[in-house]
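Visitor: I'd like to learn how to read a pocket in a model like this one. Could you walk me through it?

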Amino acid sequence: MKRHLISAADLTRDDAVLILDTAEEMARVADRPIKKLPTLRGRTVVNLFFEDSTRTRISFEAAAKRLSADVINFSAKGSSVSKGESLKDTALTLEAMGADAVVIRHHDSGAPHRLATSGWIGGSVVNAGDGTHEHPTQALLDAFTMRRRLTGGEGHDLSGRHITIVGDVLHSRVARSNVHLLSTLGARVTLVAPPTLVPVGIGSWPCEVSYALDPVLTKSDAVMMLRVQRERMKDAFFPTEREYARRYGLDGERMARMPEHALVMHPGPMNRGMEITAEVADSPRCTAVEQVTNGVSIRMAVLYLLLGGSEPAVTTVPAARTEESNPS
């Protein structure tokens, strides 16, 4: 593992499989009565969030605490950032407090890269989403969910699988990270969106593009629905919400055309009735809640590999059992 996790494109196949296999070990810890490992005891992880978040922030906090790290949660609202403090001064403050890892979500694309390469902090930097750029741990937990459901699990990649990602690709950092990671793991990726929601330069991405959803449903092993990000839209990208739902929304009729084994995925939060109907969101084929659970295991794996070790956590779990059975 490298020192930072900024982009899914930075991961090799071996890096990605190592993280996924380590996450399998971490998932086993979650099934135990005491869900903690001593691996990062004495380490400090700072959650530095300049954007609103529920799932990602809580998931990173739970992951760090299950590894026995000390966690500091920082929110831009109510901090010196609201008084005009720069990212540099915030980073220097965290460095002075001894942060071993900084998990950063920022509204500006490139902020995590700047933090990691500036020399302002000495710890590891994990990108928890930057603007419309990337969200690598979301892509990792999505791949982890697909691998568990569609392949033999540990040691496997996603070779031969066809993954379809549908919706607001233009504003989606999740789509960008998934395209890079899934292609690295051997999957064939198709993006489906209205022409107005397809980014310029998408021809250089390792994926196919379709402007129609129905033709690709029957050959998809997983269909990932993306939220329409109204908060990032300053123009009219489609005529009406009803028109968008009719052409690009996933309803029960469309889900019935998918192969029986195919998954329905959503990174959350959902706009029920727009990109996905309640019938589909609440069906057994939808993995949205499972993805949240898997997110904790993935983020435990990332923090462990960045701060605790370079091998899968196989040897860590028995050590934790020994400590629990012989408390000091």
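Visitor: How do the residues of the lining of the largest pocket divide into nonpolar, polar and charged?

Guide: Keep in mind that this is a predicted model. The lining splits into ten nonpolar, 14 polar and ten charged residues.

Visitor: What volume does the largest pocket have, and how many residues line it?

Guide: Its volume is about 710 Å³. The lining counts 34 residues, and nearest the centre lie R55, R105, P267, G268 and P269. Two or more lining residues come from each of α2 (55-66), α5 (136-150), α6 and α11 (288-307).

Visitor: Which element gives the most to the lining?

Guide: That's α11, with six residues.

Visitor: And which domains does the lining draw on?

Guide: Look at both sides here: domain 1 (4-135 + 291-308) and domain 2 (136-287) each supply at least three residues.

Visitor: Which residues does UniProt list for "binding site"?

Guide: The record, an unreviewed entry, gives K83, R173 and R227. From this set, R173 and R227 are part of the lining of the largest pocket.

Visitor: Let's zoom in on R173. Where is it found?

Guide: R173 sits in helix α6, which covers residues 173-184.

Visitor: Why is R173 called buried?

Guide: The general idea is a cut-off: buried means under 20% relative accessible area. R173 has 10%, so it counts as buried.

Visitor: What lies 3.0 Å from a polar atom of the R173 side chain?

Guide: The backbone oxygen of G131 does. For a polar contact, the pair of N or O atoms has to be within 3.5 Å.

Note on methods
Residues are numbered from 1 along each chain as its sequence is written. This is a predicted model: local features need pLDDT of at least 70, side-chain atom pairs count only at pLDDT 80 or more; totals for chains, interfaces and linings use all residues. Side-chain values use heavy atoms; hydrogens and water are left out. UniProt positions are given in the numbering used here, feature names are shortened, and annotations may be inferred rather than shown by experiment. On a 1 Å grid over the protein atoms alone, a cavity is a set of points where a 1.4 Å probe fits but cannot get out, and a pocket is an open set with protein on both sides within 12 Å along at least five of seven lines; lining residues have an atom within 4 Å of a point. Helices (H or I, at least four residues) and strands (E, at least two) are DSSP runs, numbered from the N terminus. Buried means under 20% relative accessible area, exposed over 50%, partly exposed in between (1.4 Å probe, protein chains only). A polar contact is a pair of N or O atoms within 3.5 Å; within protein, one must be able to donate a hydrogen and the other to accept it, and residues adjacent in sequence count only if both atoms are side-chain atoms. Grid points are joined across faces, edges and corners, and a volume is the space filled by probe spheres set on the points. Ala, Val, Leu, Ile, Met, Phe, Trp, Tyr, Cys and Pro count as nonpolar, Asp, Glu, Lys and Arg as charged, and the others, Gly among them, as polar. Domain bounds come from an automatic or database domain assignment.
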